[in-house]
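I am keeping these notes as I go through a structure that is new to me, entry by entry. Each entry records what I looked up and what I found.

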Amino acid sequence: DFLYKCVITRGIATLTGLIAVKASYPDDTPIFILTLAWKDRWNSSNNEWIRDLEREINVEIEEQHKNKSVLIHQVYKLSALLDVMLECISAMDPEPLFTKEHNFEVPVDGRQRKLPLVYDSVNCMFTTRS
């Protein structure tokens, strides 16, 4: 197995991803472990939104992307969903740091306060997973 590190920075927020790539890649999908440094240090052990983001990157992969370029697709999706996540969380603040550039109805939805991390291509907007 190979281990890699990616760092995505948006303003004052920094997302660090540790990526495990098996020798059998692309047959086995790479696994991402994420940590977001913004307001606080969030990871999957202390933040539900990071767990949801990891699930979207690691598990919810469309069949058409399960090929030799799955890692590129995962990194692209991670970058896009990080922007959506920061915009949603910031929208709940009295003075948002990240302005809304992506299309979503509400920043959080339901009793569990889920973020809209699923792109609906029919309506051209981000929604929560049903």
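**Entry 1: the largest pocket**

Which residues line the largest pocket? Before answering I note that I am working with a predicted model. I found the lining to be made up of Glu56, Glu62, His73, Tyr76, Lys77, Ala80, Leu81, Leu117, Val118, Tyr119, Phe126 and Arg129. I then looked up which elements give two or more residues to this lining, and they are α2 and β5, the latter spanning 118-120. The largest share, five residues, comes from α2. Sorting the lining by class, I get seven nonpolar residues, one polar residue and four charged residues. For the volume of this pocket I wrote down about 230 Å³.

**Entry 2: Lys77, from the pocket lining**

I picked Lys77 out of the lining and asked where it sits in the chain; the place is helix α2, which covers residues 70-91. Is Lys77 buried or exposed? Its relative accessibility is 12%, and because the cut-off for a buried residue is under 20%, Lys77 counts as buried. Setting aside residues up to four places away in sequence, I found that Lys77 touches Glu56, Ile57, Glu60 and Glu62. Two of these names, Glu56 and Glu62, I had already written down among the residues that line the pocket.

**Entry 3: helix α1**

How many of the residues of α1 are buried? I found eight of the 11 residues in this helix, which runs over residues 48-58, to be buried, so α1 is largely enclosed by the rest of the structure.

Apart from residues up to four places away in sequence, Asp52 touches Lys114 and Leu117, and Leu117 is a name I know from the pocket lining.

**Entry 4: Phe104 and the end of α2**

Next I turned to Phe104, which is placed in the loop between α2 and β5. With a relative accessibility of 4%, Phe104 counts as buried. What is Phe104 in contact with, once its neighbours within four places in sequence are left aside? I listed Glu87, Cys88, Pro116, Met125 and Phe126. I also looked up how Phe104 stands to Val84: the two are 20 residues apart in sequence, and their C-alpha atoms are 8.6 Å apart in space.

In helix α2 I looked at Ala91 as well, which is partly exposed, with a relative accessible area of 44%. Along the chain Ala91 and Val106 are 15 residues apart, while 9.1 Å separates their C-alpha atoms.

**Entry 5: the cysteines**

How many disulfides does a search of the whole structure find? The search returned zero. Cys124 is in no disulfide, and the nearest cysteine sulfur, which belongs to Cys88, is 17 Å away. I recorded Cys124 as partly exposed, at 45% relative accessibility, whereas Cys6 is buried, with a relative accessible area of 15%.

**Entry 6: backbone details**

Cys124 came up again when I went through the backbone angles, where its phi is near 55 degrees, a positive value in a residue other than glycine. This residue is found in the loop between β5 and β6, the latter spanning 125-127. Lys39 is also a residue other than glycine with a positive phi, here near 45 degrees, and I located Lys39 in the loop between β3 and β4.

Pro26 lies in the loop between β2 (13-21) and β3.

Technical notes: Residues are numbered from 1 along each chain as its sequence is written. This is a predicted model: local features need pLDDT of at least 70, side-chain atom pairs count only at pLDDT 80 or more; totals for chains, interfaces and linings use all residues. Side-chain values use heavy atoms; hydrogens and water are left out. Helices (H or I, at least four residues) and strands (E, at least two) are DSSP runs, numbered from the N terminus. Buried means under 20% relative accessible area, exposed over 50%, partly exposed in between (1.4 Å probe, protein chains only). Contact means heavy atoms within 4.5 Å. On a 1 Å grid over the protein atoms alone, a cavity is a set of points where a 1.4 Å probe fits but cannot get out, and a pocket is an open set with protein on both sides within 12 Å along at least five of seven lines; lining residues have an atom within 4 Å of a point. Grid points are joined across faces, edges and corners, and a volume is the space filled by probe spheres set on the points. Ala, Val, Leu, Ile, Met, Phe, Trp, Tyr, Cys and Pro count as nonpolar, Asp, Glu, Lys and Arg as charged, and the others, Gly among them, as polar. A disulfide is a pair of cysteine sulfur atoms within 2.5 Å.
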